[in-house]
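Please read it alongside the sequence and the structure.

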Amino acid sequence: MKKILAFAGSNSSTSINHKLVEFVASEIKEYNIKVISLISYSMPMYSEDEEKNNGFPGMTMGLKQEISESDALIISVNEHNGGWSAFFKNIIDWLSRLDRNFLEGKKILLMSTSPGKRGGQSSLEFAKNVLPRFGAEIVESFSFPSFYDNFSTATNEVKDETLSLGLHEVLSTFAHQI
């Protein structure tokens, strides 16, 4: 059975991107999906001096192994000032230093959500341009706007029917691409 690794690029304990990842993972039934929280992978701020003096953090190697053992990834990137968070960038920096092509051969469903109407589109577009540099194949992407208006955390469901249909179409296409 194919393995999918799913995570959000956020270090917030109340991350709506993580909630979106958990929901999407629960909707894909035909694959073995492992949802992780990147908060568990503690890494110092990347710098050449840090790498030279202390080497690679063990957590970097552990996350790289998780990615290597997966056939595909579901990633939801949060947005800070129009780009992905410094937290997520730091993880990407460490992983790319460990192995420039750490996403080689990985098919990715890339998502983003935010409380606003754009649904983190700037961060999503940034990620769509950057992740292929590391070998990723973005097979589908989805921006989920106005998270609190369109998603019920109480019932764990998308409230807007059109948005739900669009998301499920993306999930179906992603599942067929793996």
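Glu51 lies in helix 2 (residues 48–54), where helices are DSSP runs of H or I with at least four residues, strands are DSSP runs of E with at least two, and both are numbered from the N terminus. With a relative accessible area of 16%, Glu51 is buried, a term that means under 20% relative accessible area, while exposed means over 50% and partly exposed anything in between (1.4 Å probe, protein chains only). Leaving aside neighbours within four places in sequence, Glu51 is in contact with Tyr46, Phe56, Trp94 and Arg97, contact being defined as heavy atoms within 4.5 Å.

The model is predicted, so local features need pLDDT of at least 70 and side-chain atom pairs count only at pLDDT 80 or more, whereas totals for chains, interfaces and linings use all residues. Residues are numbered from 1 along each chain as its sequence is written, and side-chain values use heavy atoms, with hydrogens and water left out.

- In helix 3 (residues 58–68), the buried residues are Thr60, Leu63, Lys64, Glu66 and Ile67. They lie on the same side of helix 3 because they cover an arc of only 155 degrees around its axis, the arc being that of the directions from the helix axis to the C-beta atoms.
- The cover over these buried residues of helix 3 includes strand 1 (3–8), strand 2 (32–35), strand 3 (72–76) and helix 4 (86–98).
- The axes of helix 3 and helix 4 come within 10 Å and cross at roughly 80 degrees, where axes are lines fitted to C-alpha atoms, for helices over the stretch in contact, and angles run from 0 to 180 degrees between N-to-C directions.
- On the helix 3 side, Thr60, Met61, Leu63, Lys64 and Ile67 meet Ile91, Trp94, Leu95 and Leu98 of helix 4. The residues of this contact divide into seven nonpolar, one polar and one charged, with Ala, Val, Leu, Ile, Met, Phe, Trp, Tyr, Cys and Pro counted as nonpolar, Asp, Glu, Lys and Arg as charged, and the others, Gly among them, as polar.

- Five strands form an open sheet with parallel pairing, in the order 2-1-3-4-5, two strands being paired if DSSP finds at least two bridges between them.
- Strand 2 and strand 5 (137–144) are the edge strands, each of which pairs on one side only. Direction ignored, neighbouring strands of this sheet are turned by 15 degrees against each other on average.
- Strand 1 is mostly covered, with five of its six residues buried.
- Strand 1 runs parallel to strand 3 and is joined to it by five bridges, and Ile4 has Ala72 in strand 3 as its bridge partner.
- Strand 1 also runs parallel to strand 2, with four bridges between them, and here Lys3 has Asn32 of strand 2 as its bridge partner.
- Helix 7 (residues 161–177) lies across strand 1, strand 3, strand 4 (107–113) and strand 5, and runs at about 170 degrees to strand 5.

**Helix 5 and Leu124**

- The buried residues of helix 5 are Ser123, Leu124, Ala127 and Val130. Seen down the axis of helix 5, they fall within an arc of 135 degrees, so they line one face of the helix, and they pack against strand 4 and strand 5.
- Leu124 belongs to helix 5 (residues 121–130) and is buried at a relative accessible area of 4%.
- Not counting residues up to four places away in sequence, Leu124 touches Val77, Leu110, Met111, Ser112, Ser141, Phe142 and Ser143.
- The C-alpha atoms of Leu124 and Asn78 are separated by 8.2 Å, although these residues are 46 residues apart along the chain.

**Positive phi outside glycine**

- Asn81, in the loop between strand 3 and helix 4, has a positive phi near 50 degrees without being a glycine, and Asn81 counts as exposed at 86% relative accessibility.
- Asn156, in the loop between strand 6 (151–152) and strand 7 (157–158), is likewise not a glycine and has a positive phi of about 55 degrees. At 38% relative accessibility, Asn156 counts as partly exposed.
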